[in-house]
Amino acid sequence: MEDATKSSHGGENNSDLEEDRSSEEDFGTSELGTKEYWEDTYQRELETFKDIGDVGEIWFGEESMSRVLRWMDKAKIPESASVLDIGTGNGAFLVELAKQGYKNLTGIDYSPASVELAKSVLQAEDLSNVPVKEMDFLNCQGELKGFDVCIDKGTFDAISLNPGNKAEGKKLYVQTLKDALKDNGFFSITSCNWTKEQLLERFSEDPRKHHRWWMDIS
């Protein structure tokens, strides 16, 4: 489902909020929410890439990348826009963005193996100039600022599955996102765990900034 929505900051519906909180209380945890899981996963994919050149799994599949690219085209995101790929994984989406002409790209991931894999994949595509940084989005110490577009394909889902303090993690995510985005910036999120309504509620909490959200609920 594709849905482009500008954030609104009107009065809150208490019943909707209670339903959202209830849903989150029932939301289970998983190893997919741990750094160890992703480090192991990307270490295996890095070894496979070195052996046979296979970039590994495309999170949500190649069609999910195409949907985000179609949205960017429809939203008239200029090729000069500064774009942050949150939780870049194997860097495959950075490659697609570069092929579409986007020139000001940055990828981050908290997994060292992911960063090494993404850099290797980009180098193989002659895109070594695209920076990929080892960085935890929830603990970036204010380093992420001034992006026109932030893109998330599964990172918020993973944070929501963390067996630790996932409630605090989700709050930190929202704050970091709003600090990273310029005023009137764009945020694209692809999720298989949350509904459109829950995501809108989660990311429309700060009345001081006006951002535009695009959601792909898989």
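pLDDT is the predictor's confidence in each residue, from 0 to 100. The model is predicted, so local features need pLDDT of at least 70 and side-chain atom pairs count only at 80 or more, while totals for chains, interfaces and linings use all residues. Residues are numbered from 1 along each chain as its sequence is written, and side-chain values use heavy atoms, without hydrogens or water.

Select residues 1-23 to begin. Their pLDDT stays under 50, and they have 36 contacts (heavy atoms within 4.5 Å) beyond four places in sequence. Where pLDDT is low, the predicted coordinates should not be read in detail. The protein as a whole averages 84.

Next, select Met72, Val83, Leu97, Leu105 and Ile151. Among the 35 residues of the largest nonpolar core, these touch the most other members. Such a core is a set of buried Ala, Val, Leu, Ile, Met, Phe, Trp, Tyr and Cys residues joined through side-chain atoms within 4.5 Å; buried means under 20% relative accessible area (1.4 Å probe, protein chains only). Now centre on Leu97: beyond its neighbours within four places in sequence, Leu97 is in contact with Leu69, Met72, Val83, Tyr102, Leu105 and Ile151. A second, separate core has 23 residues, including Met135 and Ala180.

Move to Trp71 and Phe186, both buried. Their ring centres lie 5.9 Å apart with planes at 65°, so the pair is edge-to-face (centres within 6.5 Å, Trp by its six-membered ring; planes over 60 degrees apart).

Finally, select Lys35 and Tyr110. The charged end of Lys35 sits over the ring of Tyr110, 5.7 Å from its centre (NZ of Lys or CZ of Arg within 6 Å of the ring centre and within 35 degrees of the ring normal).

Technical notes:
Buried < 20%, exposed > 50% of the residue type's maximum accessible area, 1.4 Å probe, protein only. Phe/Tyr/Trp six-rings, centres within 6.5 Å; stacked < 30°, edge-to-face > 60°.
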